[in-house]
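Dear colleague,

Please find below the structure that I am handing over to you. My notes on what was found in it follow directly after.

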Amino acid sequence: MPADASSDTIRTRENGTVTTDRRITAVVETFPVAGTFTIARGARTQATVVVVTVTDGTHVGRGECVPYPRYGETIDSVCAQIAAAGDIADRATLHARLPPGAARNAFDCALWDLDARRSGRTVADLAGLATPALPQLTCYTLSLGRPDAMADAARAAADRPLLKLKLGGDGDAERMRAVRAARPDARLVADANEAWRVAHLEDLLAVAAETGMEMIEQPLPTAEEAALAGIARPVPICADESVHTARDLPRLAGLYDAINVKLDKAGGLTEAVELARAARARNLEVMVGCMLSTSLAMAPALLLAPFADWLDLDGPLLLARDREPAIRYDGGHIVDVPAGLWG
């Protein structure tokens, strides 16, 4: 696999004007994780991202994505999609040529960034979005582990008021109780990553209510989610793996109380905004989430903060190092987004 998958110099048409010397590159980068990041599907010690750069010869835009095997994506497949996308002048063409997913996300965000740098305006302004006020509270994720280890991690995160527990099925009742005992002051949410089964669902939801969880993310595998229609929900249930774009929402009616909007699933900021607005129109709560990635991926996702009940944009906090310039965090809050980063 090449680390740099580049198109030849191509010609594009924007607003009736021919622009030459646009160059599109997709570069693979890795960032070490601070320790090990573990969820129900496995453990990771590094984050591997693809960064798309688009230039018109004067201005440069960037976007970052994380290929995710759960959705049939690999580094190779995403780089191949980007390289094959060809002569793309605008986001409408991009969305017609690439499906929702990581490749389109990086490309979409790079085009937004390029437009902002050309125009001297922010992406928020160009997209008709409110600029998020800072600071913004984000979840801080506790990796899946033994109940006592997760309790220790919760205590070590005393300056982070909103914790997200990664769960894994067996032992989850003990994990939830241990973290709550360790942090009686914290707001808690949890993500099962499809690890629960229907037979245990109601008992585990009862423990979630007992321990004050604000919501449970994707408890059941997508193939079993129809069971959610027939149960009482003492805490809200949030769709993650089950929802990618606004077109998924009608199918999920009556099953979920909230959705997790991620740019890598939706295929970019453009589609993610549409999904967040559609969810709000259906009176669904919204989490804005991320993959394990750097500040370059957090910056466009942060623009969705006005739609969000919960932000889960802690990717850089889980890394041993971030890119520069980087978003600045103070405890569990996003406090500054440097102007040179994105948008």
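Val-261 has Val-288 in S13 as its bridge partner. The two strands concerned, S12 (residues 258-261) and S13 (residues 285-288), run parallel and are joined by four bridges. Helix H10 (residues 269-281) packs on the sheet here, where it touches both S12 and S13, and its direction makes about 170° with that of S12. Please note that the model is a predicted one.

S12 and S13 belong to an open sheet of eight strands, which has parallel pairing and the order S7-S8-S9-S10-S11-S12-S13-S14. At its edges stand S7 (140-142) and S14 (310-311), each of which pairs on one side only. Another helix, H6, lies across S7, S8 (162-166), S9 (187-191) and S10 (213-217), and runs at about 155° to S8.

Arg-277 is located in helix H10 and is partly exposed, its relative accessible area being 42%. Beyond its neighbours within four places in sequence, Arg-277 is in contact with Ala-127, Gly-128, Leu-129 and Phe-307. Of these contacts, Phe-307 is 30 residues away from Arg-277 in sequence, while the C-alpha atoms of the two are 7.5 Å apart in space.

I turn next to the packing of helices against each other. Two packed helices are described by the angle between their axes and the distance between the axes. For H5 (residues 147-156) and H6 (residues 172-182), the angle is about 30° and the axes are 8 Å apart. H5 and H6 are therefore roughly parallel to each other, and H5 passes H6 in a right-handed crossing. On the H5 side, the residues that meet H6 are Pro-147, Met-150, Ala-151, Ala-154 and Arg-155; their counterparts in H6 are Glu-174, Arg-175, Ala-178, Val-179 and Ala-182. This contact is made up of seven nonpolar, no polar and three charged residues.

The pair H1 (residues 75-84) and H3 (residues 102-119) packs at an angle of about 50°, with axes 8 Å apart. H1 and H3 are therefore oblique to each other, and their crossing is right-handed. Here Val-78, Gln-81 and Ile-82 in H1 meet Ala-102, Ala-103 and Phe-107 in H3. By class, five of the residues in the contact of H1 with H3 are nonpolar, one is polar and none is charged.

As for burial, helix H11 (residues 295-302) is mostly covered, since eight of its eight residues are buried. They are Ser-295, Leu-296, Ala-297, Met-298, Ala-299, Pro-300, Ala-301 and Leu-302.

There are also strands with antiparallel pairing. An open sheet of three strands has the order S6-S16-S15. S6 (136-137) and S15 (328-330) are at its edges with a single partner strand each, so one side of each is left without a neighbour in the sheet. S6 is joined to S16 (residues 333-336) by two bridges, and Leu-137 stands opposite His-333 in S16.

Strands S4 (residues 42-55) and S5 (residues 60-65) likewise run antiparallel, joined by six bridges. Val-52 stands opposite Gly-63 in S5. S4 and S5 form a hairpin with four residues between them, and Gly-57 in the turn has a positive phi of about 100°.

Most residues other than glycine have a negative phi, and most peptide bonds are trans. Against that background, the following places may be of interest to you:

- Leu-134 and Pro-135 are joined by a cis peptide bond, with omega about 5°; Pro-135 lies in the loop between helix H4 (123-127) and S6.
- The peptide bond from Glu-324 to Pro-325 is cis, with omega near -5°; Pro-325 lies in the loop between S14 and S15.
- Asn-193 is not a glycine, yet has a positive phi of about 50°. Asn-193 lies in the loop between S9 and helix H7 (198-210), and counts as buried at 6% relative accessibility.
- Glu-194, also not a glycine, has a positive phi of about 70°. Glu-194 is in the loop between S9 and H7, and is buried with a relative accessible area of 10%.

With kind regards

How values were computed. Residues are numbered from 1 along each chain as its sequence is written. This is a predicted model: local features need pLDDT of at least 70, side-chain atom pairs count only at pLDDT 80 or more; totals for chains, interfaces and linings use all residues. Side-chain values use heavy atoms; hydrogens and water are left out. Axes are lines fitted to C-alpha atoms, for helices over the stretch in contact, and angles run from 0 to 180 degrees between N-to-C directions. Angles under 35 degrees count as roughly parallel, over 145 as roughly antiparallel, 65 to 115 as roughly perpendicular and the rest as oblique. A crossing is left-handed if the near helix is turned anticlockwise from the far one by less than a right angle, and right-handed if clockwise. Contact means heavy atoms within 4.5 Å. Ala, Val, Leu, Ile, Met, Phe, Trp, Tyr, Cys and Pro count as nonpolar, Asp, Glu, Lys and Arg as charged, and the others, Gly among them, as polar. Two strands pair if DSSP finds at least two bridges between them. Buried means under 20% relative accessible area, exposed over 50%, partly exposed in between (1.4 Å probe, protein chains only).
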